[in-house]
Amino acid sequence: LPLEPIAVLKRIGDMLPANAIVIEELLSSGMNTVRHLVPAVAPDSWFGMRGGGIGVAIPQAAGIQLANPGRPVVVLSGDGSAMYSAAGLWTLAHYKLPVVTIIFNNRGYRILKQRTRAIGDHAARQNQYIAMDIDEPAIDFMALAKAHGVRGVRAERLVEVEAAFAESLSSDSPTLIEVVVAREI
């Protein structure tokens, strides 16, 4: 069974080093929920988006890591958001920035589905969404990571997330962790 994002976020929050910097772009998980489970520990330890645009987390992480060498930088991104700026992975590899990019892969634009349902769209109430799934073909995030020179790890169980995250935090190179999460709205 796919993981629930809340369980993954709770574990990441528990494992996060005290000096870590988090860049959060998990729109459909709810900012307040994420911030509760992965709290900011200092004024410069949490960065998120404003204004509704997506795709900023990976390039933002590159700049933040360059400005904060020696501090762990962790990206929390949805699969749809990550695809807007996946080329930023190359920048992480090129400059040898040890950013940990965690992609919550629900194989769709869940935030768009949530918003469509919230406005009362008839098709959305029937779980019918047009052009909001990312599954035919599915994105191969391990191939994407490799193509950009970044180590990739796919995690389908919580114990795999824990192991990949712990190993990535101690690495001196960038890692992309794909976490397979539930698709339900």
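A: Contact means heavy atoms within 4.5 Å. Among contacts in the protein between residues at least 6 apart in sequence, 79% join residues at least 24 apart. This is a predicted model, in which local features need pLDDT of at least 70 and side-chain atom pairs count only at pLDDT 80 or more, while totals for chains, interfaces and linings use all residues. Residues are numbered from 1 along each chain as its sequence is written, and side-chain values use heavy atoms, with hydrogens and water left out.

Q: How many helices and strands does the protein have?

A: Helices (H or I, at least four residues) and strands (E, at least two) are DSSP runs, numbered from the N terminus. The protein has nine helices and six strands.

Q: What share of the 185 residues is buried?

A: Buried means under 20% relative accessible area, exposed over 50%, and partly exposed in between (1.4 Å probe, protein chains only). Of the 185 residues in the protein, 47% are buried.

Q: Which residues of helix α1 are buried?

A: An α-helix has 3.6 residues a turn, so residues three or four places apart point the same way. In α1 (residues 5-15), the buried residues are Pro5, Val8, Leu9, Ile12 and Gly13. Seen down the axis of α1, these buried residues fall within an arc of 135°, so they line one face of the helix. The arc is that of the directions from the helix axis to the C-beta atoms.

Q: What covers the buried residues of α3?

A: Helix α3 (residues 57-67) has Ala57, Ile58, Ala61, Ala62, Ile64 and Gln65 buried. Their cover includes the strands β1 (21-25), β2 (46-48), β3 and β4 (100-105), together with the helices α4 (79-84) and α5 (88-94).

Q: Which strands are joined to β4 by bridges?

A: Two strands pair if DSSP finds at least two bridges between them. Five bridges join β3 to β4, and these strands run parallel; Gly78 stands opposite Phe104 in β4. Six bridges join β4 to β6 (residues 175-180), also in parallel, with Ile102 opposite Ile177 in β6.

Q: Why is β4 described as largely enclosed?

A: Six of the six residues of β4 are buried, so the strand is largely enclosed by the rest of the structure. Val100, Ile102 and Phe104 are buried on one side, and Thr101, Ile103 and Asn105 on the other.

Q: Which residues of the largest nonpolar core touch the most other members?

A: In soluble globular proteins, nonpolar side chains tend to be buried together. A nonpolar core is a set of buried Ala, Val, Leu, Ile, Met, Phe, Trp, Tyr and Cys residues joined through side-chain atoms within 4.5 Å. The largest here has 25 residues, of which Leu76, Ile102 and Phe104 touch the most other members. The elements giving two or more residues to this core are α1, α2 (31-37), β3, β4, β5 (151-155), α9 (158-169) and β6. Apart from it lies another core, of 22 residues, among them Ile21, Ile64, Ala82 and Val150.

Q: Is Ser77 buried or exposed?

A: Ser77, in strand β3 (residues 73-78), counts as buried at 0% relative accessibility. A polar atom of the Ser77 side chain lies 3.4 Å from the backbone nitrogen of Ala82. Leaving aside neighbours within four places in sequence, Ser77 is in contact with residues including Glu25, Leu26 and Ile103.

Notes:
A polar contact is a pair of N or O atoms within 3.5 Å; within protein, one must be able to donate a hydrogen and the other to accept it, and residues adjacent in sequence count only if both atoms are side-chain atoms.
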